[in-house]
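Biologist: I would be grateful for an introduction to this structure. May we proceed by question and answer?

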Amino acid sequence: MDEALSDAQNTAWRLLVRAAADRRSPMHTPVVATIAGGAPDARVMVLRAADRAAAALRFHTDARSPKCLAMDGAPVMVLAYHPGEAIQLRIAGTARIDRDSPLVDAIWAQATPFARRIYLVEQAPGTPLAAAASGLPAWVEGRKPEEAELVPARGNFAVVHIDITRIDWLHLAQAGHARAVFDAADGWAGEWCAP
Ligand SMILES: Cc1cc2nc3c(=O)[nH]c(=O)nc-3n(C[C@H](O)[C@H](O)[C@H](O)COP(=O)(O)O)c2cc1C
């Protein structure tokens, strides 16, 4: 592999791994795009993990949200831009919704009570409401839930695994832009292409 090509791929993974760990990284909140009934849909999600060895990304969501149905076993695209590095990543992959596994249990157990509280919301995401409201039960508004109170919320929590099939790396520079694509199908060898 040409050295600059492998540098590009290394940089992509360095940015993704940092983005998962660092709330201040602009790549911490990429856009995740899906197709539902032939129509595109997209939303911002918090990147929770980036694993180069597994070529996978991880997100968390409400198992009742419409995106879960649209994503499970389906092609998705994760779009992230880092202004400081002037790098755009368009990451194609296949999503898998995981609601019930030792990993999901472990992630749930490690999350703070406040992080888990949102899964106590009574209505499924997207349910019409008569007025603006959080949907949280009144008893937990404005306070930290106790462990026992969070038990019913566990069923609403899901992990989204994305198995990456392709990374499109674009670097903007005054001297000239550069673009490379890396495909799982060819062992991530990658190739340059016209930006
Ligand atoms: C900064 C930010 C971070 C978000 N993080 C998540 C997230 O990690 N998981 C999630 O399901 N929704 C997250 N959302 C909300 C989604 O963008 C979206 O509004 C919601 O999940 C409903 O999407 P859906 O109708 O496609 O299911 C986030 C929104 C913003 C603005």
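Modeller: This is a predicted model, in which local features need pLDDT of at least 70, side-chain atom pairs count only at pLDDT 80 or more, and totals for chains, interfaces and linings use all residues. Residues are numbered from 1 along each chain as its sequence is written, and side-chain values use heavy atoms, with hydrogens and water left out.

Biologist: Which residues are around the ligand?

Modeller: A residue counts as near a molecule if one of its heavy atoms lies within 4 Å of it. By that criterion, the residues around the ligand are T29, R43, V44, M45, V46, H60, T61, S65, P66 and K67.

Biologist: Which elements each supply at least two residues of the shell around the ligand?

Modeller: Helices (H or I, at least four residues) and strands (E, at least two) are DSSP runs, numbered from the N terminus. The elements that each supply at least two shell residues are β2 (39-44), β4 (56-62) and α2 (66-71).

Biologist: How far is an oxygen atom of the ligand from an N or O atom in the side chain of T61?

Modeller: A polar contact here is a pair of N or O atoms within 3.5 Å. A polar side-chain atom of R43 lies 2.8 Å from a ligand oxygen, and a polar backbone atom of V44 is also 2.8 Å from a ligand oxygen. For the side chain of T61, the distance to a ligand oxygen is 2.6 Å.

Note on methods: Polar contact = N/O pair within 3.5 Å; in protein donor to acceptor, adjacent residues only side chain to side chain.
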